[in-house]
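Hi,

Here's the structure I promised to pass on. Have a look at it first, and then read my notes below.

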Amino acid sequence: MAASVEEIIEFYHDFKKNRLASLAFAVDGIVVKVDAFAQQKRLGFTAKSPRWAVAFKYPAQQASTIVEKVEFSVGRTGTITPVAKVKPVFCAGVTISSVTLHNFAEIERLGLMEGDAVLIERAGEVIPKVVKVNRDKRPDSAKSIKPPKVCPACGGAVVKEEEFVAYRCDNPSCPAQLKRLLLHFASRPAMDMQGLGEAVVDGLVDSGRVKDVAGLYGLAKDDLLKLPLFADKRAQNLLDQIEASKKRPLESLIYGLGIRQVGEKTAETLAQLYDLEGLAAASEEALTRIQEVGPIVAASIHRFFHSPETKKLIERLKGVKLNFEKSAKKATSAKFAGQTFVFTGELQTMTREEAEEKVKALGGKASGSVSAKTAYVVAGADAGSKLRKARELRVKVLTEQEFLELAK
Ligand SMILES: [Zn+2]
């Protein structure tokens with residue numbers, strides 16, 4: 001109990017000097033409270049906290065040590081994080097032997113080398129970090145720190161994304177990233193397997209039953225029943241969802257592969273231009289020319305499909321017969337909804353395929369044969385039997401020019 005502000009200040013300093021280091025747990029400050037309930041009541045609360053209690057934090061505690069080695073860890077998104085293994089040192093209530101270096105830009109900023117003497121800092125529960133390098137103590141044996149060329153988890157190629165400071169593992173089957181990728185692959189805009197939640201993914205990956213996304217398609221009911229929480233019905237539901245996903249449109253698969261920079265919209269554009277193998281073989285130049293793609297996304301797509309790990313995965317997905325087919329253009333308007341067009345004869349300003357695309361883009365259907373249900377027959381030069389049939393059935397006949405007017 002303190003009788004005055006001076007006594008509080010004295011306690012703060014005394015506690016830091018004599019008690020803090022010997023506590024069995026980490027403490028980052030003290031809290032001063034008004035003791036009398038009546039006064040607490042009068043002071044009341046702000047929107048966030050009581051007015052009768054104030055925290056006074058101690059500055060982060062620091063310690064000197066040596067960086068013995070720098071290791072790399074792979075996060076769930078594939079980001080490679082450098083971690084300094086330091087000579088164990090006691091700081092802020094715990095023994096520290098591992099310190100995050102965040103990224104390679106941070107290593108550069110610090111000018112850190114392996115073997116360096118460093119000052120580290122730890123505040124509260126925050127992960128300890130290197131504050132500065134003591135260059136005067138740098139040994140001759142100090143080694144510079146280079147980003148790894150291969151992923152420490154899978155041996156796949158590591159790429160640097162030019163616009164970011166991060167280095168990443170680009171392997172779609174990297175074990176460090178697999179759980180996150182499976183959840184993404186199963187998400188609704190991707191392959192839509194609602195039964196594949198976090199607990200199921202953990203079980204499948206940790207037990208080694210699934211080693212890449214293609215592995216989902218080899219699961220048997222027994223594999224699922226061996227996992228906790230899986231009864232017969234739930235297992236069958238998931239197997240049905242996995243089976244149904246084979247028919248998902250190509251944009252869902254492209255999105256589900258988790259290619260960096262490729263969101264739902266880009267996946268849709270790509271699926272309308274290429275089948276999956278065509279996309280995998282597309283040159284970076286061709287991809288860059290696509291209006292909604294551009295150079296950064298094109299480079300990412302090209303790099304993804306040219307890694308040996310992706311090639312293996314695509315082969316496996318082909319083997320389980322996922323839908324690799326190019327998607328039809330989605331209707332951009334409903335102008336021709338419910339109407340069927342038949343093209344006959346030679347068109348002057350476009351190919352028949354282009355004309356049919358135009359009809360589909362406006363929500364209509366294109367057919368190869370004339371019936372009473374045909375809304376229009378578009379007759380080009382040298383139209384033959386279809387034009388005759390249209391006249392017999394009294395189907396409206398348009399010239400190419402009239403069709404273009406109508407499609408405007
Ligand atoms: Zn990896």
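This is a predicted model: local features need pLDDT of at least 70, side-chain atom pairs count only at pLDDT 80 or more; totals for chains, interfaces and linings use all residues.

**What turned up**

Across the interface of domain 2 and domain 3, zero salt bridges were found (a side-chain nitrogen of Lys or Arg within 4 Å of a carboxyl oxygen of Asp or Glu). Residues are numbered from 1 along each chain as its sequence is written, and side-chain values use heavy atoms, with hydrogens and water left out.

The chain is assigned domain 1 (5–57), domain 2 (61–144), domain 3 (175–327) and domain 4 (340–406); the bounds come from an automatic or database domain assignment. Taken over C-alpha atoms, the centres of domain 2 and domain 3 are 37 Å apart. Five residues from domain 2 and six residues from domain 3 make the contact (heavy atoms within 4.5 Å).

How much area do domain 2 and domain 3 bury between them? About 490 Å², with 50% of it on carbon and sulfur atoms; buried area is the accessible area (1.4 Å probe) that two parts lose on being put together, summed over both. On the domain 2 side, Val 74, Arg 76 and Thr 77 supply 88% of the area buried against domain 3.

Now for the metal. The zinc ion is held by Cys 151 (SG), Cys 154 (SG), Cys 169 (SG) and Cys 174 (SG) at 2.2 to 2.4 Å (donors are N, O and S atoms within 2.8 Å of the metal, or 3.2 Å for Na, K and Ca). In sequence, these donor residues follow the spacing C-x2-C-x14-C-x4-C.

Cheers
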